[in-house]
Amino acid sequence: MVGVFGPRQSEVKLGFTDTGRLNCEVRFTSFAAARLNKTELGALESSAAAALQQALEAAVQLDKFPKSVFDVSAVVLEGGGGDTGALVCGASLALADAGVEGLDLVPGCGVSKTAAGELLLDPSPEEAAAEEAGLVLAVMPQLNEVTLLSVRGRWADSELQAGLELALGGCGQLRASMRECLLAALAEPRMPA
Amino acid sequence: MRPIELELGVIAQAAGSARLHIGATDVIVGVKVEVASPSPFAPTQGRLGVTVEFSPCASPVYQGRFGETYGEQIAAAIEASLAPSTRAGGAAAAAAAPANGGAAGASTSATATAAPTPSASGPSWGLDLGKLCISAGKTAWALYVDALVLNDDGNVVGAVSAATLAALVDTRIPKVEVTTDAAGEEEIELDDSPGAAWRLDVSRVPLVVTVAQVGSQCVVDLAAPEERCSSSALHVAVNRAGQVCGATSSGRAGVEASMLLAMTETAQRLAPGLWEQIMRFLQSPAR
């Protein structure tokens, strides 16, 4: 679940900037990630927030919002594999729904490579646990620009290329459904705020 | 690349340390070893912790929270390059736990390797944390890598990575004997003599190389003013064989997919040579 707030005025102590800022925050519910203690959860949350910010910053036209901050708050209700990809998709949709001018929607997804060398798109937690290597990708499909890439494990050249292509294909599919979802939301009459 | 200056053993109290200059960039890395209890998810493995701190005199931007989060990001990149899945995901570790449990009790001395487990069957790259196990499920060495960036003149990630490699080569871990007394209780004996200490096997530790995009070119080893011109960067961990062991992107702009592959290729070409050079220096008798 993702909410977007803003634009609001930037804090004075951060000084003047002629571009806007994106302030991302990710929380996991205590039952979302099983068997993690507090500090591990904290590390997970901050790394997820950093990834989210990285993925979205390139897509939002921050130079159109000088001196302002957008707060993107995300809560992972249940972690069932591919959390980062889902976070990026959700946050991108929320930004678009809030009417923030962006360059493109940003779908994100993961690929994991099994020990046998098979590539799996959007791995489940069991698959991710057994993986030999994996990657997470967020992309702006219309511009064909990658905004976030994080690779774990050892890859041979051709495998990495195949993995990237698979993830790009996955992101293309996601973008189509994200677009549909946004259009459907626009068609619905809104409750006045 | 700019010439690299490397010093070893700069901190007397640390188990291993190194200081690295590249241009005006100045990084100091200390490795500390401690006897600790292993993580419940991986009872036959040692622990690894990496922290990166910025001296506020390095650059005014490192004051306050930015320095902290940036340091955390670099630490995560370095830690991921040193050992698979320590930070990658708690879920992966949790799922691997039952499998590891079956291997508990297999190793009794510090030098015995842990029994192979399906998830980490003697990792194909990085440090072998199984060797850091003293007594399965009870005690293991914890390795703390602390990096301090004293001055930032670009290529901080690469500098921290190279300095970490040097510090790990410099690290000596005391030999430990585990004896079982009459009551069946395990006792740990520490042999503190320098001759008995052993060193880590770093032959599979990858180096992290930062490749930045300036215009439509891939560039490595940027100085601080040059870094301002780059729109995005990719930190690629590459081992001595030139294989990619991990990558993270940074920067405020997107990168085209074909560019991304060109960037990883650049890193793959550069890293093995750099690795050999550093190793040759570290193993030279003149040191």
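1. A cavity is here a set of grid points where a 1.4 Å probe fits but cannot get out, and a residue counts as lining the cavity if it has an atom within 4 Å of such a point. The model is a predicted one, and what follows should be read with that in mind.

2. With that definition, the structure holds 2 cavities of 30 Å³ or more. The second largest cavity, with about 40 Å³ of space, is lined by residues of chain A, namely Q54(A), V146(A), T147(A) and L148(A), together with residues of chain B, namely S232(B), A233(B), S249(B), S250(B), A253(B), V255(B) and L260(B).

3. Which elements supply this lining of the second largest cavity? Strand β7 (145–155) of chain A, and strands β13 (232–238) and β14 (244–251) of chain B, each supply at least two residues, and β7(A) gives the most, with 3 residues. By class, the lining of the second largest cavity divides into 6 nonpolar and 5 polar residues, with no charged residue among them.

4. The largest cavity has a volume of about 120 Å³. Of the 17 residues that line the largest cavity, those closest to its centre are M1(B), N155(B), G158(B), V208(B) and L274(B). At least two lining residues come from each of β2 (16–22), α3, β11 (207–214) and α5 of chain B, and the lining of the largest cavity comprises 12 nonpolar, 4 polar and 1 charged residues.

5. Two of the elements that contribute to the largest cavity, α3 and α5 of chain B, deserve a separate comment. Helix α3 (residues 156–170) of chain B has 15 residues, which at 1.5 Å a residue should span 21 Å, and because its end C-alpha atoms are 21 Å apart, the model agrees with that expectation. The helix α3(B) is also mostly covered, since 15 of its 15 residues are buried, where buried means under 20% relative accessible area.

6. Helix α5 (residues 257–283) of chain B contains T264(B), which has a relative accessibility of 6% and therefore counts as buried. The side chain of T264(B) reaches the backbone oxygen of L261(B) at 2.8 Å. Once neighbours within four places in sequence are left aside, T264(B) is in contact with L160(A), L234(B) and V236(B), so that its partners in this list come from both chain A and chain B.

7. Not counting residues up to four places away in sequence, V111(A) touches L119(A), L120(A), L121(A), P123(A), G134(A), L135(A), G163(A), L166(A) and A167(A).

8. The lining of the second largest pocket has 9 nonpolar, 2 polar and 4 charged residues.

How values were computed. Residues are numbered from 1 along each chain as its sequence is written. Chains are lettered from A and ligands numbered from 1 in the order in which they are written. This is a predicted model: local features need pLDDT of at least 70, side-chain atom pairs count only at pLDDT 80 or more; totals for chains, interfaces and linings use all residues. Side-chain values use heavy atoms; hydrogens and water are left out. Helices (H or I, at least four residues) and strands (E, at least two) are DSSP runs, numbered from the N terminus. The expected span of a helix is 1.5 Å times one less than its number of residues. Buried means under 20% relative accessible area, exposed over 50%, partly exposed in between (1.4 Å probe, protein chains only). A polar contact is a pair of N or O atoms within 3.5 Å; within protein, one must be able to donate a hydrogen and the other to accept it, and residues adjacent in sequence count only if both atoms are side-chain atoms. Contact means heavy atoms within 4.5 Å. Ala, Val, Leu, Ile, Met, Phe, Trp, Tyr, Cys and Pro count as nonpolar, Asp, Glu, Lys and Arg as charged, and the others, Gly among them, as polar. On a 1 Å grid over the protein atoms alone, a cavity is a set of points where a 1.4 Å probe fits but cannot get out, and a pocket is an open set with protein on both sides within 12 Å along at least five of seven lines; lining residues have an atom within 4 Å of a point. Grid points are joined across faces, edges and corners, and a volume is the space filled by probe spheres set on the points.
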